[in-house]
Amino acid sequence: MDVLVINGPNLNTLGTREPDIYGATTLAEIEAGLVAQGAAEGLEVDTFQSNHEGAIVDRLHAARAEGTRFVIINPGAFTHTSVAIRDAFAAVAIPFCEVHISNVHAREEFRRHSYLSDIAVGVLTGFGATGYTMAMHYVIERLKGE
Ligand code: DQA
């Protein structure tokens, strides 16, 4: 496995969830686009969504066992709460990008803090579903150089 795309809680409802904030694109459409974008460059891309913190921790542990080279994650609300997901990234030592569809800095104060940003390679926030595509573009360039 080259790239794992993880989406956290409530992101399975994209398309109908607060469309004024999150847009009309569904998670299935985002995931299919990323798999195709990676495949076009010869990269194997897997996707995972869960509403459960522990399931995301377990998926990260499995990712290390699978030899995953990079993770793109939208942790949803766990961004602002989860020491466990932060610790999991530190434990597996897989480089990752943090993606947010909305601009978390232009919303409520509690969304401005992330438990992941300082250990991420980079953060994309506010570019809508295109943020995932931008992250994958970076990953493609990065993995080509390895
Ligand atoms: C989000 C922003 C988070 O604050 C929120 O809890 C989400 C989605 C985004 O993609 O903009 O669930 O990560």
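Student: What volume does the largest pocket have?
Tutor: In this predicted model, the largest pocket comes out at about 160 Å³. Its lining has 15 residues, and Arg 17, Tyr 22, Gly 76, Ala 77 and Arg 111 are the closest to its centre.

Student: What makes up that lining, by class?
Tutor: You get 6 nonpolar, 6 polar and 3 charged residues.

Student: Why is the contact of Arg 59 with Asp 46 called a salt bridge?
Tutor: The cut-off is 4 Å from a side-chain nitrogen of Lys or Arg to a carboxyl oxygen of Asp or Glu. Here the closest N and O atoms are 3.0 Å apart, so the pair qualifies. The structure holds 11 salt bridges.

Student: What does the pair tie together?
Tutor: Arg 59 belongs to helix H3 (residues 53-66) and Asp 46 to strand E2, so parts 13 residues apart in sequence are tied together.

Student: How do you know that E4 and E5 pair?
Tutor: Pairing takes at least two bridges. Strand E4 (residues 96-100) and E5 have 4, in the parallel sense, so they pass. Glu 98 stands opposite Val 123 in E5.

Student: And what is the order of the strands in the sheet?
Tutor: It's an open sheet of 5 strands, E2-E1-E3-E4-E5, with parallel pairing. Strand E2 (45-49) and strand E5 (122-125) have a single partner each, so one side of each lacks a neighbour in the sheet; that makes them the edges. From one strand to the next, the twist averages 15°.

Student: Which strands does helix H5 lie across?
Tutor: Helix H5 (residues 130-144) lies across E1, E2, E3, E4 and E5, running at about 170° to E3.

Methods:
Residues numbered from 1 in each chain as written. Predicted model: local features only at pLDDT ≥ 70, side-chain atom pairs only at ≥ 80, totals over all residues. Heavy atoms only, no water. Helix = DSSP H or I, 4+ residues; strand = E, 2+ residues; numbered from the N terminus. Axes fitted to C-alpha atoms, helices over the stretch in contact; angles between N-to-C directions. Contact = heavy atoms within 4.5 Å. 1 Å grid on protein atoms, 1.4 Å probe; cavity = no way out; pocket = protein on both sides within 12 Å on 5 of 7 lines; lining within 4 Å. Points joined across faces, edges and corners; volume = space filled by probe spheres on them. Nonpolar A, V, L, I, M, F, W, Y, C, P; charged D, E, K, R; others polar.
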